[in-house]
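Subject: Structure handover

Hello,

Here is the structure for you to take over. My notes on it follow below.

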Amino acid sequence: MHLCMMILLLGGLAAPSRASPFSPGGLPPPGRTVDVGSLMLLMLNDQEDGSGFVDFEMPAFPSCPFGCQCNRKVVQCSDLGLPSVPYDIPADTRLLDLQGNFITEIRENDFKGLNDLYALVLVNNLLSKVHPRAFLPLVGLQKLYLSHNRLTTVPRNLPSSLVELRIHDNNIKKIESRTFAGLHKMNCIELGGNPIRNSGLEAGAFDGLNLNFLRISEAKLTAIPKDLPDSLRELHLDHNQIHTIGQEDLTHYGELYRLGLGHNRLRRIEYGGLYYVQSLRELHLHHNLLSSVPAGLPEMKHLQVVYLHSNNISKVEVDAFCPSSFSVKKTFYNSISLYDNPVRYWEVQPATFRCVSDRLAVQLGNYKK
């Protein structure tokens, strides 16, 4: 299973159920390093699926770049102080780990002959330049990690085989039109930690993608971006400056299972603002400026997790979360967080949480002025 496919595809149930709750989480927050061992396990899984590497046969006369470790088609050259991509990388390499070096540029022929490469890790270098033809030889590349560098644009001519792109924590301000053209297999893009504004997302920037997962957190967005792929199951826009969810902001995102909008400046969610995301299982609205529980939650049949802590909510109505008829709700809530709000929790009626799986699933109190 790919890292970005950690989404529970729950089917609708005939009646509210306490079984198989939607698990909070999703893709782990981005870090400064990549776990090469996990990547090796992913390759093994892909081998079983028929999409990964074929075997682990050792070459008759193995070669290995100086200072690196080469074993079973995995070449590890991390934390060696390398100023550039080394020569003599074995042609049958499947995983190339170059993280934690001082590489400033990817040249045109750095990956020439590495047709079988499955994963390329260039995290935590000093990259600011990538030749537009550098990735063309990598016809089988599925995972590309370019995070924590100095890139100002997404590299051009990415391999059409690419499934996952992590390019967070760079200095990218603009995603140009057709940046991801031809990448029909891509299902996960991590763009967080880049100074991207709404104006920097050009029309058609995500055209042609069939994404499941997209993160543009820790950026400079002031509104929910338009024209994102309508195939999205997870959209993470945490740590931005978004202040409103309008009636039509989520119109095209009806497939969403998880929506992350924590740590923004949300004061208002317009009536009907959540109408088009009826498939949601998990909604993150914590650390905002909301003064009330958003309207429309009782009609969301599959919603199981709602984070509303650390807002300005002072009152919770009895019908804020649950519908009047149990036939409307397909699954029980397994987590509602309301702590760190100025709500008098002793005034909240017990019936408010009549569609919650367990009383411990509701978190109230602990408000400090």
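What share of the residues of the chain count as buried? The figure is 51% of the 369 residues. Please keep in mind throughout that this is a predicted model.

Overall make-up

The chain contains one helix and 18 strands. Its exposed surface comes to about 17300 Å², and 49% of that is supplied by carbon and sulfur atoms. Among contacts with a separation of 6 or more, 53% are between residues 24 or more positions apart.

Disulfides

How many disulfides does the structure hold? There are three. In general, such a link is a covalent bond between the sulfur atoms of two cysteines.

Cysteine 64 is bonded to cysteine 70, with 2.0 Å between the sulfur atoms. The torsion about this S-S bond is about 80°, so the disulfide is right-handed. Cysteine 64 has a relative accessible area of 32% and is partly exposed. Cysteine 70, at 29%, is partly exposed as well. The cut-off matters here: buried means under 20% relative accessible area and exposed means over 50%, so the values for cysteine 64 and cysteine 70 put both residues in between.

The disulfide between cysteine 68 and cysteine 77 has an S to S distance of 2.1 Å. Its torsion is about 115°, so this disulfide is right-handed. Cysteine 68 and cysteine 77 are both buried.

Cysteine 322 pairs with cysteine 355, S to S 2.0 Å. Is this disulfide right-handed or left-handed? The torsion about the S-S bond is about -90°, so it is left-handed. Cysteine 322 sits in the loop between strand 16 (305-307) and strand 17 (335-337), and cysteine 355 in the loop between strand 17 and strand 18 (362-363), so the bond ties together parts that are 33 residues apart in sequence. Cysteine 322 and cysteine 355 are both buried.

Isoleucine 336 belongs to strand 17. With a relative accessible area of 0%, isoleucine 336 is buried. Which residues does isoleucine 336 contact, leaving aside neighbours within four places in sequence? They are Val306, Phe321, Phe353, Val356, Ala361, Val362 and Gln363. For one of these, alanine 361, the C-alpha to C-alpha distance to isoleucine 336 is 6.2 Å, at 25 residues apart in sequence.

The loop between strand 17 and strand 18 also holds aspartate 340. Aspartate 340 is not a glycine, yet its phi is positive, at about 60°. Its relative accessibility is 26%, which counts as partly exposed.

Leucine 214 is in strand 10, and it is buried, with a relative accessible area of 0%. Not counting residues up to four places away in sequence, leucine 214 touches Ile189, Leu191, Phe206, Leu228, Leu232, Glu234, Leu235 and His236. Leucine 228 is 14 residues from leucine 214 in sequence, and the two are 9.1 Å apart in space, C-alpha to C-alpha.

Aspartate 227 lies in the loop between strand 10 (213-215) and strand 11 (234-236). Is aspartate 227 buried or exposed? Its relative accessibility is 52%, so aspartate 227 counts as exposed; the cut-off for exposed is over 50%. Aspartate 227 has a phi near 65°, a positive value in a residue other than glycine.

Largest pocket

The volume of the largest pocket is about 360 Å³. This pocket is lined by 21 residues, and the closest to its centre are Thr153, Val154, Pro155, Arg156 and Thr179. By type, the lining divides into 10 nonpolar, six polar and five charged residues.

Places to look at in the viewer

- The disulfide of cysteine 322 and cysteine 355, which is left-handed, with a torsion of about -90°.
- Aspartate 227, with its positive phi near 65°.
- Aspartate 340, with its positive phi of about 60°.
- The residues closest to the centre of the largest pocket, including Arg156 and Thr179.

Regards

Conventions: Residues numbered from 1 in each chain as written. Predicted model: local features only at pLDDT ≥ 70, side-chain atom pairs only at ≥ 80, totals over all residues. Heavy atoms only, no water. 1 Å grid on protein atoms, 1.4 Å probe; cavity = no way out; pocket = protein on both sides within 12 Å on 5 of 7 lines; lining within 4 Å. Points joined across faces, edges and corners; volume = space filled by probe spheres on them. Nonpolar A, V, L, I, M, F, W, Y, C, P; charged D, E, K, R; others polar. Disulfide = S-S within 2.5 Å. Buried < 20%, exposed > 50% of the residue type's maximum accessible area, 1.4 Å probe, protein only. Helix = DSSP H or I, 4+ residues; strand = E, 2+ residues; numbered from the N terminus. Contact = heavy atoms within 4.5 Å. Areas by Shrake-Rupley, 256 points an atom, 1.4 Å probe, with all protein chains shown as cover.
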